[in-house]
Each structure stands twice: as C-alpha cells, then as structure tokens.
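Please examine the sequence and the structure shown below.

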Amino acid sequence: MAKWKGAVLGVSILAGCQHYSAVEQSVAMRLYLGEQYLQMQQLTHAERNFRKVVALQPNNVQGWWGLAQIAAHQGDTSTALLYYQRAFQMAPENTRLSDNYGAFLCTLGQYDEARRIVKRDKKTIGNQNGGQENRSWDPCLPKSAR
C-alpha cells in the first residue's frame with residue numbers, strides 16, 4: 001500500500017511538472033504570436049495573445065509591455081501608461097523596455113520623467129552597445145540627433 005501511495009505521489013508530481021511545462025510553452029508561443037501580430041499591426045490578434053500571457057503569468061513583463069504597446073497604438077494613453085508602469089516596476093533593469101517606455105513618455109510630453117526612466121550610467125550603455133557608444137541617449141531626441 002505504501003508503494004502504491006508513493007507511485008501516486010510521483011505521478012502527481014510529474015503531472016504538475018508537465019502542466020508547468022505546458023504553461024511555459026503556451027506562454028512562449030503566445031509571446032511570439034503577440035509580437036508577430038504587433039509587427040503586422042494586427043492589434044486585435046496581438047492583444048488576445050498578450051492577454052492570455054498575463055492571464056497565465058500575471059508577472060510576465062513582456063506580456064504587459066506588449067499590452068502597453070497595443071494600447072499606445074490604439075491611442076489609449078491612460079491604459080498604455082498603466083501597463084508600461086506595471087512592466088517597468090517588474091523589470092526596471094530592462095533597457096529595451098525603459099527605452100520604449102521613455103519614448104512613449106516623450107510622446108505624452110513628459111520629458112523629465114522620460115529622461116529619468118532611461119537614465120543609466122555610461123558604463124552600462126557602453127557595455128550594451130559593445131563599447132561603440134559611451135553616452136546616455138535622450139529618448140525625446142529624434143534618432144538622427146542621438
């Protein structure tokens with residue numbers, strides 16, 4: 001009887017691992033699809049995938065970031081701002097996110113906040129660009145002026 005209980009426990013643990021793996025696979029696929037749909041400007045499909053990601057993993061930075069980009073594209077700046085803030089609170093070290101969030105803030109005219117968000121030391125910027133560039137960039141400047 002004890003062996004049987006051990007086997008049931010082992011199968012239960014494995015089933016839990018398989019479920020976790022299936023969730024991780026689903027999240028990865030949904031993130032990929034969301035990004036692809038976002039690039040193609042198919043916002044409804046992108047939103048559906050990013051919403052599924054955050055439903056499965058409420059602390060998924062990429063899911064919230066994707067939803068922020070969609071809301072921004074749709075002109076829903078208040079929702080976009082909330083989603084950007086949520087993502088940024090979870091991953092303030094994510095430079096691509098902070099750059100994107102900073103650029104979004106510039107579109108709102110929140111220049112000081114944008115600069116604060118993307119401010120990093122010169123060493124960090126230099127390392128991320130393979131040493132090619134050793135200065136902080138201003139998200140509110142046109143790319144040609146950076």
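Leaving aside its neighbours within four places in sequence, Asn60 is in contact (heavy atoms within 4.5 Å) with Val27, Leu31, Val53, Val54 and Met90. The model is a predicted one, in which local features need pLDDT of at least 70 and side-chain atom pairs count only at pLDDT 80 or more, while totals for chains, interfaces and linings use all residues. Residues are numbered from 1 along each chain as its sequence is written, and side-chain values use heavy atoms, with hydrogens and water left out.

- Asn60 sits in the loop that runs between helix 2 (43–56) and helix 3 (61–73); helices (H or I, at least four residues) and strands (E, at least two) are DSSP runs, numbered from the N terminus.
- Asn60 counts as buried because its relative accessibility is 10%; buried means under 20% relative accessible area, exposed over 50%, and partly exposed in between, with a 1.4 Å probe and protein chains only.
- A polar atom of the Asn60 side chain lies 2.9 Å from the backbone nitrogen of Gly63.

**The chain as a whole**

- The protein chain contains 7 helices and 0 strands, and its pattern along the sequence reads α-α-α-α-α-α-α.
- Of its 146 residues, 33% count as buried.
- Among the contacts in the protein chain with a separation of 6 or more, 38% are accounted for by residues 24 or more positions apart.
- The protein chain exposes about 9400 Å², of which carbon and sulfur atoms supply 53%; accessible areas come from the Shrake-Rupley method with a 1.4 Å probe, and for residues only the protein chains shown count as cover.

**Helix 4 and Phe88**

- The 14 residues of helix 4 should span 20 Å at 1.5 Å a residue, and its end C-alpha atoms are 20 Å apart, which agrees; the expected span is 1.5 Å times one less than the number of residues.
- Buried residues in helix 4 are Ala80, Leu81, Tyr83, Tyr84, Ala87 and Phe88, and what covers the buried residues of this helix includes helix 2, helix 3, helix 5 and helix 6 (111–118).
- Phe88 belongs to helix 4 (residues 77–90) and counts as buried because its relative accessibility is 15%.
- Apart from neighbours within four places in sequence, Phe88 is in contact with Leu97, Ser98, Tyr101 and Ile117.
- Phe88 and Trp64 are 24 residues apart along the chain, and their C-alpha atoms are separated by 9.2 Å.

**Aromatic pairs**

- The whole structure holds 4 aromatic pairs; rings of Phe, Tyr and Trp (its six-membered ring) pair if their centres lie within 6.5 Å, and planes under 30 degrees apart count as stacked, over 60 as edge-to-face and the rest as tilted.
- The pair of Trp64 and Tyr83 is tilted, because the ring centres are 5.3 Å apart and the planes stand at 50°.
- Trp64 lies in helix 3 and Tyr83 in helix 4, so this pair ties together parts that are 19 residues apart in sequence; Trp64 and Tyr83 are both buried.
- The rings of Tyr84 and Tyr101 have their centres 5.3 Å apart and their planes at 15°, so this pair is stacked.
- Because Tyr84 lies in helix 4 and Tyr101 in helix 5 (residues 95–107), the pair ties together parts that are 17 residues apart in sequence.
- Tyr84 is buried, with a relative accessible area of 3%, and Tyr101 counts as buried at 3% relative accessibility.
- Tyr84, Phe88, Tyr101 and Phe104 are linked into a cluster by ring pairs.

Terms used: Polar contact = N/O pair within 3.5 Å; in protein donor to acceptor, adjacent residues only side chain to side chain.
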